[in-house]
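Me: I would like to go through this structure in short questions. Take me from the chain contact to the helix packing, then to single residues.

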Amino acid sequence: MRIILIGYGVVGQSLSNIFLSRRLENLRNYGFNPKVVAITDRGGTAINCKGLDLKRMQKVKIKEGTVAADNEFGHPQIDAQSVLQSVEAEIMIEATSTNITNGEPGLSNIKTAFNTGKHVVTTNKGPLAIAFPTLTELAEHNKVLLRFSGTVGGGTPILEFAKKCLAGDKITEMHGILNGTTNYILTEMTEKRVTFNKALKSAQTLGYAETDPTMDIDGLDTATKIVIIGNWIMNKKFTLKDVAISGIRDIKLGELDTASKKGKRIKLIGSINGKPTVAPKEIHKNNPLCVSDVLNAVTFFSEYAGRQTIIGRGAGGSETASAVLRDLLDIKYNLANKMIMLE
Amino acid sequence: MRIVMKFGGTSVSTGEKIRNVANIVRDNIRIGHEVVVVVSAMGDITNQLIEEAEKVENGNEEKIQEFIKKLFEKHANVIDVSIKNKNLKEETKLEVKKIIDELKKILTGICYVGELTLKTKDQVLSFGERLSALIVSSTLKDHELESHYFTGKEAGIVTDSKFGEANPLMNFTTHQIIQRIDPLIEKRIIPVITGYIAANQNGIVTTLGRGGSDYTATILGVALDVDEVWIWTDVDGIMTSDPKIIKEAKTLAGLSYGEAAEMAIFGAKAMHPRALEPVIKKHIPVRIRNVFNPKNSGTLISEGAEVESKEVVKAIALINDVSMINIKGARMVGAPGSYAKIFDILGKNKINIMMVSTAVSEANISIIIRRSQLERAMSILEIALLGRNLGNEVTAEEYVSVIAVMGANMKGSLGVASRIFTSVAKKDINIMMIAQGSSELNISFVVKEKDGAAAVSSIHEEFNLSK
């Protein structure tokens with residue numbers, strides 16, 4: 001299967017590690033033989049229609065900062081759009097960084113991939129948050145598949161759990177802790193009784209939070225995930241601008257103390273129960289949703305199966321890359337079935 | 001003798017060459033032949049027209065004027081050389097200008113609409129032949145011959161509306177050609193007709209696609225019930241092998257229709273089987289001749305030619321730029337439909353299978369495809385077959401060549417295959433795959449690309465083809 005990889009950051013590189021180390025198992029167990037025919041990063045593109053040597057690409061990336069510096073396969077002047085137009089492949093993996101203002105460049109990349117007949121696996125939440133209904137419609141129209149397991153819950157199969165394991169049932173509401181960084185900050189504040197700013201610093205030191213932590217602490221990251229869950233799992237058509245969002249920037253230690261006294265914790269909860277919201281809320285400490293540190297947890301309420309909670313690590317390069325692999329195998333399985341129906 | 005003569009693009013690419021064409025026609029008229037001329041567009045014009053049309057589709061109106069100017073100059077320069085008579089020269093140029101102005105309007109239209117359909121493309125393509133037919137006809141006049149030029153449509157060739165690859169309505173076409181062209185021949189006027197171009201029953205321009213101008217020549221040949229169709233090209237005829245590989249390759253004097261059809265894989269110098277179709281039914285012989293060496297009688301393609309010749313092997317072709325895919329899987333054994341599935345997915349992905357071979361044990365199948373399609377073919381086969389108990393291994397041999405050995409007398413002759421493969425084995429060349437069609441006109445096999453030329457040469461020698 002020929003793959004174009006757009007974005008070669010932590011996720012992209014983790015994915016190439018998985019491809020390298022699990023090649024034989026993937027081939028033997030799943031008949032999956034990935035060939036990365038192009039990688040595009042900020043510096044340009046590397047192309048080899050016979051499949052790039054991923055070890056070599058990693059070395060070039062680390063040494064030169066861009067795969068385009070490769071002396072044989074690198075093309076500094078070629079960007080994602082022209083690669084998608086000119087290189088033949090079955091799949092594009094969109095792993096550029098999230099932009100929630102207009103979804104770019106991911107949104108254009110996904111549209112072009114569809115338009116040129118490529119299936120898409122994205123780890124980039126931006127395009128989905130901005131234009132989820134548009135993208136699913138376009139995918140269907142172009143008869144290609146769109147997969148995005150890595151956008152919610154990282155390696156924890158939250159979307160698959162709700163979509164597949166609860167198939168047939170109707171999910172009526174969901175509540176979740178969907179951002180590890182803010183959960184770490186709130187846990188730190190509660191347990192160590194430190195201020196918000198101090199807890200944020202510590203999260204940044206540990207690499208849990210970005211230098212610009214806005215996306216996380218203002219609840220935007222959680223909101224993008226709510227958009228994805230609402231559209232994909234609960235069949236609601238809404239985008240980021242329809243979510244009521246408030247973050248944890250103004251949480252005071254006193255509020256946490258008051259909650260603790262009642263046997264409760266304050267968590268940043270994303271909910272879909274009627275109107276989609278993201279806000280700090282009190283929940284009981286025995287509620288299975290009440291997880292600490294960087295963990296994620298989501299509770300689905302379904303009509304017949306009742307309340308289900310799934311807990312796991314929500315981010316990280318190799319976790320997200322494993323979600324991408326899952327999506328790729330799912331696409332391979334779907335394509336194979338479409339090509340040849342087994343009796 | 002009544003003869004349709006077709007002159008290809010290289011035969012009319014310059015003024016001198018067009019004069020040469022006129023000389024050939026005049027010589028044949030003088031010895032009493034009746035001649036109908038079919039011409040292709042000059043040299044590379046057809047490709048230039050397609051390119052320009054595709055360019056203007058994306059909107060670049062300013063460039064059209066430049067292209068039109070160049071196109072006119074190119075044809076005007078040819079006229080300056082091919083026609084000596086001053087008045088005739090100016091008249092012809094004026095006519096060329098009229099035709100090119102019409103093309104300009106169409107290109108501008110494409111530019112504004114931003115759409116190039118197959119229908120419009122056929123219209124654009126027709127201009128190459130219209131210009132060359134005009135110039136050839138005028139040059140004949142300059143040689144004191146009477147001539148009149150026609151588009152395929154004017155001549156009466158009617159097709160269906162499959163633009164880009166139209167099929168003639170043969171009876172209707174014959175009826176019209178007899179009415180329009182026959183009277184001219186009677187009056188000793190030489191008709192010059194555009195190859196490749198026709199029209200549907202509503203008069204909309206169509207093109208004949210594969211087989212091109214040769215097809216026009218054979219259609220006219222059948223309609224006018226000629227004695228022979230002559231395809232003038234730039235080689236002496238169809239050769240025993242590619243002279244670039246085998247220095248001793250020689251021109252074949254005679255071939256059967258079946259052999260000639262098999263030769264289509266020999267490339268541009270041979271005729272497309274589609275163009276042979278009309279003449280096969282009417283038993284009209286086709287002769288391939290060299291414009292630059294008209295003394296040579298060329299290769300005659302006719303009914304029963306295989307009976308007259310004794311050679312078992314007539315010619316050997318080397319087909320490069322192909323790759324081999326091997327699909328292995330014990331589960332394919334005895335599973336009905338397993339090959340159908342493989343062919344189906346390759347077909348749906350527009351990959352043409354050139355050659356297939358498999359053993360009765362069915363544990364594997366080998367397929368030859370164009371090398372440019374290898375990556376796509378491998379990828380889709382892996383997706384469709386692996387991990388699903390259909391095939392457990394899909395591998396490729398990228399650099400291979402197919403060698404096709406052909407001759408109608410191979411049918412029923414014993415020991416031909418043995419001689420072929422022994423001669424190849426003597427050169428220490430490994431044969432990777434073998435196939436023989438049920439017509440028995442052809443044995444094809446696959447070797448590593450680096451061994452291709454040596455294998456061809458060993459067979460050429462074994463069957464004494466240079467003698």
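**Helix packing and contacts**

Me: This is a predicted model. How do helix H9 (residues 212–223) and helix H11 (residues 273–282) of chain B lie to each other?
Reply: The axes of helix H9 (residues 212–223) of chain B and helix H11 (residues 273–282) of chain B come within 7 Å and cross at roughly 15°. Angles under 35 degrees count as roughly parallel. H9(B) and H11(B) are therefore roughly parallel to each other.

Me: What is the hand of the crossing where H9(B) passes H11(B)?
Reply: Residues of H9(B), including B:Asp214, B:Tyr215 and B:Thr218, meet residues of H11(B), among them B:Arg274, B:Ala275 and B:Leu276. By class, this contact has seven nonpolar, two polar and three charged residues. The crossing of H9(B) past H11(B) is left-handed.

Me: Which helix gives the largest share of the side of chain A that touches chain B?
Reply: The contact between the chains takes 16 residues from chain A and twelve residues from chain B. The largest share of the chain A side is four residues, and these come from helix H13 (residues 317–339) of chain A.

Me: How far apart are the end C-alpha atoms of helix H5 (residues 118–142) of chain B?
Reply: H5(B) has 25 residues, and at 1.5 Å a residue they should span 36 Å. Of these 25 residues, 21 are buried, so the helix is mostly covered. Just after H5(B), B:Glu144 takes a positive phi of about 60°.

Me: How is helix H1 (residues 15–30) of chain B set against H5(B)?
Reply: H1(B) and H5(B) pack at an angle of about 55°, with their axes 9 Å apart. That makes H1(B) oblique to H5(B).

Me: Which residues make the contact of H1(B) and H5(B), and what is the hand of the crossing?
Reply: H1(B) brings B:Ile18, B:Arg19, B:Val21, B:Ala22 and B:Val25, and H5(B) brings B:Ile135, B:Val136, B:Thr139 and B:Leu140. These divide into seven nonpolar, one polar and one charged. The crossing of H1(B) and H5(B) is right-handed.

Me: How do helix H15 (residues 416–426) and helix H16 (residues 452–462) of chain B lie to each other?
Reply: H15(B) and H16(B) pack at an angle of about 125°, with their axes 9 Å apart. The crossing is right-handed. The contact is made by B:Arg419, B:Ile420, B:Ser423, B:Val424 and B:Lys426 of H15(B) and B:Ala455, B:Ser458, B:Ile459 and B:Glu462 of H16(B). With that angle, H15(B) and H16(B) are therefore oblique to each other.

Me: How many of the 13 residues of helix H11 (residues 220–232) of chain A are buried?
Reply: H11(A) reaches 18 Å from its first C-alpha to its last, close to the 18 Å expected at 1.5 Å a residue. Its buried residues pack against helix H6 (125–141) and strand S8 (171–177) of chain A, among other elements. They include A:Leu220, A:Ile226 and A:Val227. H11(A) is largely enclosed by the rest of the structure, so its buried count is ten of the 13.

Me: Is A:Asn183 buried or exposed?
Reply: A:Asn183 lies in helix H8 (residues 180–192) of chain A. Beyond four places in sequence, A:Asn183 touches A:Ile177, A:Lys267, A:Leu268, A:Asp293, A:Val294 and A:Leu295. A residue counts as buried with 20 or more other C-beta atoms within 10 Å. A:Asn183 has 26 such atoms, so A:Asn183 is buried.

Me: Which residues does B:Arg371 touch, beyond four places away in sequence?
Reply: B:Arg371 lies in the loop between strand S14 (364–370) and helix H14 (374–385) of chain B. B:Arg371 is partly exposed, with 17 other C-beta atoms within 10 Å. Beyond four places in sequence, its contacts are B:Asp321, B:Val322, B:Ser323 and B:Glu398.

Conventions:
Residues are numbered from 1 along each chain as its sequence is written. Chains are lettered from A and ligands numbered from 1 in the order in which they are written. This is a predicted model: local features need pLDDT of at least 70, side-chain atom pairs count only at pLDDT 80 or more; totals for chains, interfaces and linings use all residues. Two residues are in contact if their C-beta atoms, placed from the backbone, lie within 7 Å. Helices (H or I, at least four residues) and strands (E, at least two) are DSSP runs, numbered from the N terminus. Axes are lines fitted to C-alpha atoms, for helices over the stretch in contact, and angles run from 0 to 180 degrees between N-to-C directions. Angles under 35 degrees count as roughly parallel, over 145 as roughly antiparallel, 65 to 115 as roughly perpendicular and the rest as oblique. A crossing is left-handed if the near helix is turned anticlockwise from the far one by less than a right angle, and right-handed if clockwise. Ala, Val, Leu, Ile, Met, Phe, Trp, Tyr, Cys and Pro count as nonpolar, Asp, Glu, Lys and Arg as charged, and the others, Gly among them, as polar. The expected span of a helix is 1.5 Å times one less than its number of residues. A residue is buried if 20 or more other C-beta atoms lie within 10 Å of its own, exposed if 12 or fewer, and partly exposed in between; C-beta atoms are placed from the backbone.
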